[in-house]
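Please keep the sequence and the view at hand as you read.

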Amino acid sequence: MTTTNALGLAALLALTGLPAFAADLATTTYSEHVDGEGNISLPAEVREHWVHLGSWVVNDDEAPGAGFHDVYTQPEAARAYRESGEFADGTVLVKEIRGVEAGEKTTGPALWAGEPQIWFVLVKDTQERFDGPHWGEGWGWALFKADAPEQNVSESFEGTCKGCHVPAQQTDWVFVEGYPTLR
């Protein structure tokens, strides 16, 4: 990119009010985690390179979301959210659910995360680029199991994801109250 083009892009982004990193999210995300047909893949190495937004523990083995939940996003997506209060187009959220381990520690009874069981992946799509069972309410939705992390096993957004996310509808379908990094 020439200096003139870079300055033009910076000026355009300044006029739109979008930080440069937020505008780049859609291009980077879709090229890396969503193919041309809208199939979502599980991003690799999120624990090593992405921002940890927060954790949840559902400590009831009978609950549909039982386990230790850690949620991650790209650094630029977290930055864009903190600046705008909204998830930028192209934001990817990865929720890793691991088993809950328990035991007595010197500090008292403790719970900690065990082995990964499943991952949920959400991809923000404000431009409605994709249509299909895994796309709805401005997001792409996917579910991957530890024994086959290369295959989205979600039935559909309606059948697998929507029911649990209805209480978070007012916050763009995401339980943001559990993510202190976004504040």
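A word on the ground rules comes before the tour. This is a predicted model, in which local features need pLDDT of at least 70 and side-chain atom pairs count only at pLDDT 80 or more, while totals for chains, interfaces and linings use all residues. Residues are numbered from 1 along each chain as its sequence is written, and side-chain values use heavy atoms, with hydrogens and water left out.

Let's begin with the sheet. Strands here are DSSP runs of E with at least two residues, numbered from the N terminus, and two of them count as paired if DSSP finds at least two bridges between them. By these terms the model has an open sheet of six strands, in the order 1-2-3-4-6-5, with antiparallel pairing. Strand 1 and strand 5 (135–136) are the edge strands, each pairing on one side only.

Now find strand 3 (residues 92–105) and strand 4 (residues 108–124), which pair in the antiparallel sense over 13 bridges. These two strands form a hairpin, with two residues between them. A handy landmark for this pairing is Gly-103, which stands opposite Ala-110 in strand 4. Strand 4 is also joined to strand 6 (residues 139–145) by seven bridges, and the two run antiparallel.

Side chains of opposite charge can pair when their charged atoms come close. A salt bridge is taken as a side-chain nitrogen of Lys or Arg within 4 Å of a carboxyl oxygen of Asp or Glu, and a search of the whole structure finds seven of them. One of these links Arg-98 and Asp-70, whose closest N and O atoms are 2.3 Å apart. Arg-98 lies in strand 3 and Asp-70 in strand 2 (residues 67–73), so this pair ties together parts that are 28 residues apart in sequence.

Another salt bridge joins Arg-129 to Asp-125, the closest N and O atoms being 2.8 Å apart. In this pair Arg-129 is partly exposed at 32% relative accessibility, whereas Asp-125 is buried at 2%. Elsewhere, salt bridges that share partners join Arg-47, Asp-70, Glu-96 and Arg-98 into one network.

Two loop residues are worth a stop. Asp-61 sits in the loop between strand 1 (51–58) and strand 2, and with 73% relative accessibility Asp-61 counts as exposed. The C-alpha atoms of Asp-61 and Gly-99 are separated by 9.5 Å, and these residues are 38 residues apart along the chain. His-134 belongs to the loop between strand 4 and strand 5 and counts as buried at 18% relative accessibility. What does His-134 touch, not counting residues up to four places away in sequence? Taking contact to mean heavy atoms within 4.5 Å, His-134 touches Trp-139, Gly-140, Trp-141, Asn-152, Ser-154, Glu-155, Ser-156 and Phe-157.

Our last stop is the cysteines. A disulfide is a covalent bond between the sulfur atoms of two cysteines. With the cut-off set as a pair of cysteine sulfur atoms within 2.5 Å, the count comes to zero disulfides. Cys-161 is in no disulfide, and the nearest cysteine sulfur, that of Cys-164, is 8.3 Å away, which is too far for a bond. Cys-161 is buried, with a relative accessible area of 3%, while Cys-164 is partly exposed at 47%.

How values were computed
Helix = DSSP H or I, 4+ residues; strand = E, 2+ residues; numbered from the N terminus. Buried < 20%, exposed > 50% of the residue type's maximum accessible area, 1.4 Å probe, protein only.
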